[in-house]
Amino acid sequence: MRYGDDTRKFTIALNPGLKIVNGGKVDADERKSSERAFVREFRDAEDCSKLQTIAESKLSEKAYLASMTEEDIETLGPHYTRLVGKVGEVFRFAEVDMTAPVDVLLHFEAYDGRVESHRIGLNLAVGELRDFCESMFGIPRDEIRLWFGAIGTVFKEMKLDTRKLHSFKMSDDDTVLVNVRADL
């Protein structure tokens with residue numbers, strides 16, 4: 001969450017009678033979301049003393065707590081208990097890495113039976129892969145036909161030299177067949 005989101009959410013969660021924040025109305029959905037965010041933030045505290053310790057440790061890293069006094073921090077325990085009673089236990093969000101892979105391990109199988117494996121950047125274009133295969137197998141670039149596929153799938157010809165490899169949805173251990181054009 002961004003700093004502004006945390007500040008607004010925790011202000012709403014800590015003040016159950018609050019109806020307007022910075023000129024904006026607080027509706028029931030926003031209040032529920034704010035209360036759940038507060039509980040999620042401090043769920044590791046099993047008792048109020050641990051909650052106070054966690055809050056104090058966050059003073060340096062969270063701007064919304066920086067302005068809190070010692071008395072404010074002590075009141076977090078009852079608020080947490082009240083909110084857990086209201087919204088129930090809240091589980092942590094799962095940490096999921098959604099970043100696309102930068103490179104993959106591809107197995108290159110030449111028409112003459114040679115096999116090589118290399119890590120290839122997915123930002124390369126098919127034409128650059130063709131150049132790589134030329135240097136790897138010694139086949140002139142203009143005579144190379146590339147086919148891509150995974151085990152148990154239909155292989156697709158990689159025709160367009162400007163198409164980026166990531167558009168083929170390649171993953172580790174996929175195969176590139178390197179053939180010689182028969183029409184030359």
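Asn22 lies in the loop that links strand 1 (20–21) to strand 2 (24–25), in a model that is predicted.

User: What is the phi of Asn22, and is Asn22 buried or exposed?
Analyst: Most residues other than glycine have a negative phi, and most peptide bonds are trans. Asn22 is not a glycine, yet its phi is positive, at about 50°. Exposed residues have a relative accessible area over 50%, and because Asn22 has a value of 82%, Asn22 counts as exposed.

User: Where is Asp173, and what is its relative accessibility?
Analyst: Asp173 also has a positive phi, about 70°, although it is not a glycine. Its place is in the loop running between strand 6 (156–157) and strand 7 (174–180). Asp173 is counted as partly exposed, with a relative accessibility of 43%.

User: What distance does helix 2 reach from its first C-alpha to its last, and which of its residues are buried?
Analyst: Helix 2 has 14 residues, 28–41, and at 1.5 Å a residue the expected reach is 20 Å; the helix comes close to this, with 20 Å from its first C-alpha to its last. The buried residues of helix 2 are Arg31, Ser34, Glu35, Ala37, Phe38, Val39, Arg40 and Glu41.

User: How many helices and strands does the chain have, and in what pattern?
Analyst: The chain contains seven helices and seven strands. Read along the sequence, these elements follow the pattern α-β-β-α-α-α-α-α-β-β-α-β-β-β.

User: What share of the contacts with a separation of 6 or more comes from residues 24 or more positions apart?
Analyst: The chain has 184 residues, of which 33% count as buried, and it exposes about 11,500 Å², with carbon and sulfur atoms supplying 53% of that area. Among the contacts in the chain with a separation of 6 or more, the share from residues 24 or more positions apart is 55%.

Methods:
Residues are numbered from 1 along each chain as its sequence is written. This is a predicted model: local features need pLDDT of at least 70, side-chain atom pairs count only at pLDDT 80 or more; totals for chains, interfaces and linings use all residues. Side-chain values use heavy atoms; hydrogens and water are left out. Helices (H or I, at least four residues) and strands (E, at least two) are DSSP runs, numbered from the N terminus. Buried means under 20% relative accessible area, exposed over 50%, partly exposed in between (1.4 Å probe, protein chains only). Contact means heavy atoms within 4.5 Å. Accessible areas come from the Shrake-Rupley method with a 1.4 Å probe; for residues, only the protein chains shown count as cover. The expected span of a helix is 1.5 Å times one less than its number of residues.
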